[in-house]
Amino acid sequence: MSDQPISTRIVLASRPSGRPVTENFRLEQQAVGDIADGDVLLQILYLSLDPYMRGRMDDAKSYAKPVEIGGVMEGGTVARVLRSRNAAFDPGDIVLSHSGWQSHAISNGSDLRKLDPEQAPVTTALGILGMPGFTAYAGLRNIGKPKAGETVVVAAASGAVGSAVGQIARVFGARAVGIAGGREKCDYVRGELGFDAAIDHRSNNFAGELAAACPNGIDVYFENVGGHVWSAVFPLLNDFARIPVCGLIAHYNEDRSGEGTHDQLPAVMRAILRKSLNIRGFIQREFADQRPDFYREAAAWISDGRLKYREDIVEGLENAPSAFIGLLDGKNFGKLIVHVAS
């Protein structure tokens, strides 16, 4: 077709050394090609920004391939079908996709899931009813396994994953202690989300305040950040504590050579042995077969008010790089989403 749209996209211009800068990204425009039989043309409405994207910027061995230099930055999206040559999709359908940082994309339909805007705001498919919410659910259900009366601690507690972790822990009957940065976020975690306690990791007495909030120790620590938060949590872990390792955002921008860092491995290994700790990293897709359970249970919890969420929406695809850099610095408040088009 001659009237194919022009796609705006943000590509990886260079690999960062430490903290990403805006120069690591480049905005480009190009004409979208014709769609073939079985394909659909998508217009991206919303783009999810998530910490894991920092790892994709590095050329290092990981659980997923890095973004190539000149390649479109990857990410989850909500999109509208503009044109379809696929019998499963009609123009106007709203779908969850993985189209990345661009305004238009072509898909063969295999990675698309239809969304019903009448059932829930479509942005929730990128947050509380999407990958972040499922990450919290899967990590707690399969690794954390909180029991009634136990203490569950989670860092980045006002974020998309952490906020869900604490609320789901309370659904399971556990006591939830959140760690967040700043009074406003802590007030939200405790007051709006209903955590039993919220501790500011910027406090000069952070370790002491965390210990006071966990008088019976910590049974489950859902690890999102590492760094000085882990250092405060570590001595409080009870025998047989479970630690789902979801992220280590405090370390994503570090020099990976390891030079000049204090080796904590011997102390951690001794604790694993002495306390019979269960520390297990995971990627949410390992538990993909549990997604139907999650969608059903999470929808019910949202309906009855036990699972709340907050979204931080940035306007314009061109602002994705600066918003993403801010995410790594903890500047977002809630699930970070870019509004690309209406």
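Guide: The largest cavity is lined by Gly127, Ile128, Ser158, Gly159, Ala160, Ser163, Tyr188, Tyr309, Arg310, Glu311, Gly334 and Lys335. This is a predicted model, in which local features need pLDDT of at least 70 and side-chain atom pairs count only at pLDDT 80 or more, while totals for chains, interfaces and linings use all residues. Residues are numbered from 1 along each chain as its sequence is written, and side-chain values use heavy atoms, with hydrogens and water left out.

Visitor: What volume does the largest cavity have?

Guide: A cavity is a set of points, on a 1 Å grid over the protein atoms alone, where a 1.4 Å probe fits but cannot get out, and its lining residues have an atom within 4 Å of a point. Grid points are joined across faces, edges and corners, and a volume is the space filled by probe spheres set on the points. The structure holds 2 cavities of 30 Å³ or more, and the largest has a volume of about 70 Å³.

Visitor: How do the residues lining the second largest cavity divide by class?

Guide: Gly55, Arg56, Asp58, Ala60, Ser62, Ala64 and Lys65 line this cavity, whose volume is about 30 Å³. Ala, Val, Leu, Ile, Met, Phe, Trp, Tyr, Cys and Pro count as nonpolar, Asp, Glu, Lys and Arg as charged, and the others, Gly among them, as polar. The lining therefore has 2 nonpolar, 2 polar and 3 charged residues.

Visitor: Which residue of strand 7 stands opposite Leu96?

Guide: Strands are DSSP runs (E, at least two residues) and helices likewise (H or I, at least four), numbered from the N terminus, and two strands pair if DSSP finds at least two bridges between them. Strand 5 (residues 94-97) points Ile94 and Leu96 one way and Val95 and Ser97 the other, all of them buried, which means under 20% relative accessible area, with exposed over 50% and partly exposed in between (1.4 Å probe, protein chains only). Strand 5 is joined to strand 7 (residues 113-114) by 2 bridges in an antiparallel arrangement, and the residue opposite Leu96 is Arg113.

Visitor: Is Phe240 buried or exposed?

Guide: Phe240 lies in strand 12 (residues 237-245), and its phi is near 65 degrees, a positive value in a residue other than glycine. With a relative accessible area of 55%, Phe240 is exposed.

Methods. 1 Å grid on protein atoms, 1.4 Å probe; cavity = no way out; pocket = protein on both sides within 12 Å on 5 of 7 lines; lining within 4 Å.
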